[in-house]
Amino acid sequence: MSCTEIENNIVDYIDGLLAPEDAKVIEAHINSCTSCKKMYHETKQLFSAFSDEPIAQPTANLRMSFEQMLEKEKQVQPKVIPLQKAKNSSYKSILQIAASIAILITGYLLGGYQESKNSQQEIANYKNEQKQLKENMMLAMIDNSSPSKRIKAVNYTEELTTPDTKILKALIERMQQDSNSNVRLTAVEALSKFTNSELVKTSLIETLSIEKDPSIQIEIIQILVQIQEKRALNPMKKLLKKPELPNYLKTQVSIGIAKLI
Amino acid sequence: LNQLSDEELMEIVAGGNLDAMTQIFERYHIRLYNFFFQKIRDVAVCEDLTQNVFLKVIKYKHSYKGGKFVSWIFKIARNLFYDYYQEQKKSQPFEEIEAITGELDDETMERQEEVSHLMKTLNCLNEKDRELIVMNRIDGVKYEQIAEIIDSNAVAVKTKIHRIVKKLRTNYFETLTS
């Protein structure tokens, strides 16, 4: 090994980075070559100057500001989820995309269906509630001492298509027993819409024999003729025989009887 | 945490657990501080720069691609130093001139007195050589990692270090005897 080669390896030799064989060759050379020996000792001295060089110590500020910075960064940093390495999964991801689109569409349709179902349900509920409310109001007002209030109560039933028996019975009661003829007449008019009910039919026939007010009698006859209720014939004939019956009413009854036969 | 290698710690940091940064700080803050201190003899500036290295480690944690951590962190430190150096050049052209003409005021003279013979000798090297020898002899960075930091290869770094040592040795003993 030449002196230049020694020079080129002296650092690694001192640092102990060389292979043992190479180190031995250099050691032998150094021991036999004065200039290389000097070079070796000087390099060692230089390196010990490096290691003697005091390591500069930062002040406590560095650690403090580091800790502050770290706290700040911890708060700022969003929860990072490392991206999945998506290698050789292109067909898989297409399937995934397709699946998510399918789910999206299904969700949309299902949502729409649910929505319309819900709103239909809601409307039905609302209608039901409204009916209930009207029925309740009608029942509450029908016994009111004021005739006009009673008429109003009867009129509430106009909007009902299928009133329960409770309502019908209340109306019939008004028709047969109310002291005010206007209330009775309104009740008859209200009941004329529900002639499908057997209860209503029989009570109308019944009322025909009780009622004294001619205008109400005429109204009932007209209703019964309209629905071709044959059972009304007998009470009508009885009515005709009544001597106190006004002439115009007699005419109406006769016409009704003629229409029914 | 202290059982883990630098690289493993950095993986944890990159995964979002910043607590591992404390361990990295413990292992590197003195080395980094000295890396700066050999170039800039200003405690406050060096502390700032050291602090910035750790901040950058956090900010760029996702760009750490699993190489030797020591190379990566010193690369960050080196870039920060060059940024600082460029800024100083722009903002203080007057000092620069003063340094070139060698007109030192009393204060600078006094400070020079405190500086060791080795440090004075280091000033005979150019900036790049001084950085290399400081990294190798003071910060204890190996050839391979220096190569990664300066984008070179280990053989070239080894050759350079030997050349620098030769120059330094000559200067050191010439000025020592005189």
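1. Contact here means heavy atoms within 4.5 Å, and on that basis 41 residues of chain B are in contact with 33 residues of chain A. The model is a predicted one, and what follows should be read as a description of that prediction. The size of an interface is often given as the accessible area lost when the parts come together. For chain B and chain A the buried area comes to about 3500 Å² between them, with 63% of it on carbon and sulfur atoms. On the chain B side, B:Arg137, B:His162 and B:Arg169 supply 19% of the area buried against chain A, which is more than any other three residues give.

2. One of the salt bridges joins A:Glu73 to B:Lys59, whose closest N and O atoms are 3.2 Å apart. The elements of chain B that give two or more residues to the side touching chain A are helix H2 (20-37), helix H3 (43-59), helix H7 (117-122), helix H8 (127-138) and helix H10 (154-177). Of the elements of chain B, H10(B) gives the most to that side, with 10 residues.

3. Turning to chain A by itself, the secondary structure consists of 12 helices and 0 strands, and of the 261 residues in this chain, 34% count as buried. Among the contacts in chain A with a separation of 6 or more, 62% are accounted for by residues 24 or more positions apart. The accessible surface of chain A comes to about 16900 Å², and 55% of that surface belongs to carbon and sulfur atoms.

4. The patch covers about 560 Å² and is made by A:Ile97, A:Ile101, A:Ile105, A:Tyr108 and A:Leu109. One of these residues, A:Ile105, has its place in helix H5 (residues 90-141) of chain A, and at 47% relative accessibility A:Ile105 counts as partly exposed.

5. Side chains of opposite charge can pair when their charged atoms come close. The structure holds 23 salt bridges over all chains, and one of them is formed by the side chains of A:Arg174 and A:Asp143, at 3.2 Å from N to O. A:Arg174 lies in helix H7 (residues 165-177) of chain A, whereas A:Asp143 is in the loop between H5 and helix H6 (147-156), so the pair ties together parts that are 31 residues apart in sequence.

6. Another salt bridge is made by the side chains of A:Arg231 and A:Glu198, at 2.5 Å from N to O. This pair links distant parts of the chain, 33 residues apart, with A:Arg231 in the loop between helix H10 (214-226) and helix H11 (233-241) and A:Glu198 in helix H9 (residues 198-210) of chain A. A:Arg231 is partly exposed, with a relative accessible area of 40%, and A:Glu198 is likewise partly exposed, at 41%. Salt bridges that share partners join A:Asp143, A:Arg150, A:Glu173, A:Arg174 and A:Asp178 into one network.

7. Leaving aside neighbours within four places in sequence, A:Ala190 is in contact with A:Val154, A:Thr157 and A:Leu171, and the C-alpha atoms of A:Ala190 and A:Glu158, 32 residues apart in sequence, are 6.3 Å apart in space. Beyond the neighbours within four places in sequence, B:Ile76 is in contact with B:Val53, B:Lys56 and B:Val57, while its C-alpha atom is separated by 9.9 Å from that of B:Tyr60, 16 residues away along the chain.

Methods: Residues numbered from 1 in each chain as written. Chains lettered and ligands numbered in written order. Predicted model: local features only at pLDDT ≥ 70, side-chain atom pairs only at ≥ 80, totals over all residues. Heavy atoms only, no water. Patch = residues over 30% accessible without salt bridge, like charges linked within 9 Å, V, L, I, M, F, W, Y side chains within 5 Å. Areas by Shrake-Rupley, 256 points an atom, 1.4 Å probe, with all protein chains shown as cover. Salt bridge = Lys/Arg side-chain N within 4 Å of Asp/Glu carboxyl O. Helix = DSSP H or I, 4+ residues; strand = E, 2+ residues; numbered from the N terminus. Buried < 20%, exposed > 50% of the residue type's maximum accessible area, 1.4 Å probe, protein only. Buried area = accessible area lost by both parts, 1.4 Å probe.
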